[in-house]
Amino acid sequence: MKKFNFSALSVIMLVIFSVISCTKNTDKNITKPEQQKVATNEMIGENGANPDESIVASLSADTRNLTSAADRHSKNDRDRHFLYTETNNAWTNEIMIYRINSDGALHLNGTTASGGKGTGAGLGSQGALILDNDHEWLFAVNAGSNSVSSFRVHDDGSLTLAHTESCRGKTPVSLSVHENILYVLNTGSDNIHGFRIDDDGRLIHIEGSTKSLSGAGVNAPQISFTPNGNWLIVTEKATNNLVSFKLKNNGAVWPALVTASTGATPFGFEFARDNFIVVSNAAGGAAGAGSATSYVIGANGKPQDINGAIPNHEAAPCWVAVTRFGRFAFLTNTASNSVSSYYVAPDGSLYLAHEVAASTDGGPVDIVVAKNNYDVFVLNGKAKTIGEYHRTIFGGLAPTGSVGGLPAPATGLATY
């Protein structure tokens, strides 16, 4: 019988163990962001259960069936929707009112004075005007006169100015509302301030609601409540921070909790699937350096990134809009004149769907998804237009037209 060589066996076992260990270590070293960059159509389809995709199919067919102008007008009378932007003119700020026709085309219905002044230049912010959940009230900043205005929204889309009140700071640029609480972000004074909204639209100051951001000159572009209304989130472009404020029972807030952002120059954001916040990273406007990050807000209010800063290879992604069911996020790339789209997975992970979902006119500065979850509108600052798009499957956009004649400093989009 041949003698067994235990030394040789030991060497063989060591080699096998080393190979297995290297394989395991290699798997561990593949980071989650590297695994999750680009979405596939199969992933986006969610086995036929993606509600944002189902709406595209049904509404695109419905639009094709509106064969005449009479049909479109009749449908529009039954289901009227409107879009708002503000002129931000330095002499008299006004709200521009557009009717959304059933085919997604915009028609200017008139303007309403805001009760204040604009700055005469772009604000570089998201949320300059907003609607409440029931679209009974519209709120707008008057950045040139340091005030905030409330408007009653009528059935025909027209507005009646209800109240204008000091913002308790300088250069208000962004607003957020939850139930009867309204907060404003004052970028010129690096603070936030809150109001209680009365039944008649009056804005009542909340004592203890004025709080500072992380420092001076932080260049903050947006404020927003979390969906449950427990926290306020603010992005800071100059510091690369996300700032959280915990609400008290009386509507005031505790001092700021500061978290470093994952991605440079965090700008606009929206909540997807109710639980995740999708933030654009403008990267200082550097060519091809843009990205987006998805976060979950912990119980302590601290945003925790899910799968890193996912690049879109465009310049200056700034404004963000999310579809109704939170499966897609659209980002306007201000320096690239384009819109990118991302898919948001069930666990909040972010995947690039289209580096360029659509091209835009010059200088896109805001974007919204209409209430029907099909029409998408882009405000273009340099071109002084609003671009009109229809959503297509797998996160795409199809241009359908545009309206022009907007003033150069026009800012903000709100729709229902």
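My entries below go from the ground rules to strands, cores and single residues.

**Ground rules.** I am working with a predicted model, where local features need pLDDT of at least 70, side-chain atom pairs count only at pLDDT 80 or more, and totals for chains, interfaces and linings use all residues. Residues are numbered from 1 along each chain as its sequence is written, and side-chain values use heavy atoms, with hydrogens and water left out.

Entry 1: I began with strand S2, residues 94-100. My strands are DSSP runs (E, at least two residues), numbered from the N terminus. I count two strands as paired if DSSP finds at least two bridges between them. S2 pairs antiparallel with strand S1 (residues 81-86) over six bridges, and there I found Thr-85 partnered with Met-96. Towards strand S3 (residues 106-113), S2 has seven bridges, again antiparallel; Glu-94 stands opposite Ala-113 there. S2 and S3 form a hairpin with five residues between them, and Gly-104 in the turn has a positive phi of about 90°.

**Entry 2: the cores.** I then looked up nonpolar cores, meaning sets of buried Ala, Val, Leu, Ile, Met, Phe, Trp, Tyr and Cys residues joined through side-chain atoms within 4.5 Å. The largest one has 38 residues, and Tyr-98 and Leu-83 are among those with the most contacts inside it. A second, separate core has 34 residues, including Ile-130 and Phe-139. Back at Tyr-98, I listed contacts (heavy atoms within 4.5 Å), not counting residues up to four places away in sequence: among them are Leu-83, Leu-106, Ile-386 and Leu-406.

**Entry 3: sheet S4 to S7.** This is an open sheet of four strands in the order S4-S5-S6-S7, with antiparallel pairing. S4 (129-131) and S7 (159-166) are the edge strands; each has a single partner, so one side of each is left without a neighbour in the sheet. Neighbouring strands here are turned by 20° against each other on average, direction ignored. (The axes are lines fitted to C-alpha atoms, for helices over the stretch in contact, and angles run from 0 to 180 degrees between N-to-C directions.) Three bridges join S4 to S5 (residues 137-142), and Ile-130 has Phe-139 as its bridge partner in S5.

**Entry 4: sheet S17 to S20.** Another open sheet of four strands is ordered S17-S18-S19-S20, also with antiparallel pairing. Its edges are S17 (266-272) and S20 (303-311), and its neighbouring strands are turned by 25° on average, direction ignored. S18 (residues 276-281) and S19 (residues 291-297) share six bridges, with Phe-276 opposite Val-296.

The loop between S18 and S19 holds Gly-285. I noted Gly-285 as partly exposed, at 31% relative accessible area. Gly-285 touches Ala-315 and Ala-316, leaving aside residues up to four places away in sequence. The C-alpha atoms of Gly-285 and Thr-334 are 8.4 Å apart, though 49 residues separate them along the chain.

**Entry 5: His-390.** Is His-390 buried or exposed? Its relative accessibility is 11%, so I logged His-390 as buried. His-390 sits in strand S27 (residues 385-392). Its side chain makes polar contacts (N or O pairs within 3.5 Å; within protein, one atom must be able to donate a hydrogen and the other to accept it, and residues adjacent in sequence count only if both atoms are side-chain atoms). One goes to the side chain of Tyr-374 at 3.4 Å, and another to the side chain of Asp-375 at 3.2 Å.

Notes:
Buried < 20%, exposed > 50% of the residue type's maximum accessible area, 1.4 Å probe, protein only.
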